[in-house]
Amino acid sequence: MKILLVGGNGTIGRYLNTTLSREHEVIVAGRSKADVIVDISDSESIKAMYEKVDNLDAVICVAGEAKWEVFENLSEEDFYIGIKSKLMGQVNLVRIGKDYLNHRGSFTLTTGILADEPVYMTSSAAMVNGGIHSFVKAVALELGNGLRINAVSSDLVEDAYEKYRSYFPGNIPVPMKKVAMGYIKAIESRLNGQIIRLQG
């Protein structure tokens with residue numbers, strides 16, 4: 001397959017790139033140092049990215065930001081960071097990208113455990129993840145051209161454990177190999193409209 005990996009320079013993205021490249025052609029998209037440059041918070045940037053690549057069989061997004069802060073301190077603008085980036089960024093990858101994917105191509109979006117088990121300071125991030133879950137299940141009913149869409153929702157991943165473990169006391173980190181298998185399942189199976197949940 002020819003796969004567009006959005007966010008391929010991040011923690012999950014780097015591991016995915018290495019794993020997927022063994023059997024597929026991977027094009028990395030990101031804000032810098034990538035095969036193609038994109039800012040997913042800007043729909044025009046997304047469209048320009050798609051114009052530069054062709055013959056895509058799959059799009060995987062492991063990009064997107066959201067503000068982590070106690071609810072009392074979150075402003076309306078703080079909420080819009082996650083809404084514009086991780087939520088609408090991924091929605092727009094699908095909304096615009098549906099016209100660029102090959103027949104029976106697939107989209108795989110990324111959320112996380114916060115949609116089901118939020119922790120302190122994550123009211124914005126959890127809201128965004130939950131919104132993506134609902135979007136995936138709903139839009140799967142409407143995508144034409146044989147297109148599929150799924151989301152991978154992982155617990156704290158192994159390679160980010162040291163950085164984030166204080167936020168997730170008692171959570172067992174998910175091995176990176178298991179994380180990669182979740183994305184492979186999404187693109188190589190016939191699943192559609194599913195949330196692939198991964199736990200350690």
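Which residues do ring pairs link into a cluster? Ring pairs link Trp-68, Tyr-164, Tyr-167 and Phe-168. The model is predicted, so local features require pLDDT of at least 70 and side-chain atom pairs count only at pLDDT 80 or more, whereas totals for chains, interfaces and linings use all residues. Residues are numbered from 1 along each chain as its sequence is written, and side-chain values use heavy atoms, with hydrogens and water left out.

**Aromatic pairs**

- The structure contains 6 aromatic pairs, a pair being two rings of Phe, Tyr or Trp (its six-membered ring) with centres within 6.5 Å. Planes under 30 degrees apart count as stacked, over 60 as edge-to-face and the rest as tilted.
- Tyr-50 and Tyr-100 form a stacked pair, because their ring centres are 5.2 Å apart and their planes meet at 15°.
- Tyr-50 belongs to helix 2 (residues 43–52), while Tyr-100 sits in the loop between helix 3 (76–97) and strand 5 (101–110), so this pair ties together parts that are 50 residues apart in sequence. Helices (H or I, at least four residues) and strands (E, at least two) are DSSP runs, numbered from the N terminus.
- Tyr-50 counts as buried because its relative accessibility is 0%, and Tyr-100 counts as partly exposed because its value is 23%. Buried means under 20% relative accessible area, exposed over 50%, and partly exposed in between (1.4 Å probe, protein chains only).
- Tyr-164 and Tyr-167 make a tilted pair, with 6.3 Å centre to centre and 45° between the planes.
- Tyr-164 is partly exposed at 28% relative accessibility, and Tyr-167 is partly exposed with a relative accessible area of 31%.

**Strand 2 and its partners**

- Strand 2 (residues 25–30) has 5 of its 6 residues buried, so it is largely enclosed by the rest of the structure.
- Strand 1 (residues 2–6) and strand 2 run parallel and are joined by 5 bridges; two strands pair if DSSP finds at least two bridges between them.
- Within this pairing, Leu-5 has Val-28 of strand 2 as its bridge partner.
- From strand 1 the chain passes through helix 1 (residues 11–20) to strand 2 in a right-handed β-α-β crossover. Right-handed here means that, with the strands pointing away from the viewer, the path from the first strand over the helix to the second runs clockwise.
- Strand 2 is also joined to strand 3 (residues 36–37) by 2 bridges, and these two strands run parallel.
- Gly-30 stands opposite Ile-37 in strand 3.

**Packing of helix 2 and helix 3**

- Helix 2 packs with helix 3 at an angle of about 45°, their axes lying 10 Å apart. Axes are lines fitted to C-alpha atoms, for helices over the stretch in contact, and angles run from 0 to 180 degrees between N-to-C directions.
- Helix 2 is therefore oblique to helix 3: angles under 35 degrees count as roughly parallel, over 145 as roughly antiparallel, 65 to 115 as roughly perpendicular and the rest as oblique.

**Positive phi outside glycine**

- Lys-33, in the loop between strand 2 and strand 3, has a positive phi near 50° and is a residue other than glycine. Lys-33 is exposed, with a relative accessible area of 81%.
- Asn-55, in the loop between helix 2 and strand 4 (56–61), is not a glycine, yet has a positive phi of about 55°. Asn-55 is partly exposed, its relative accessible area being 49%.
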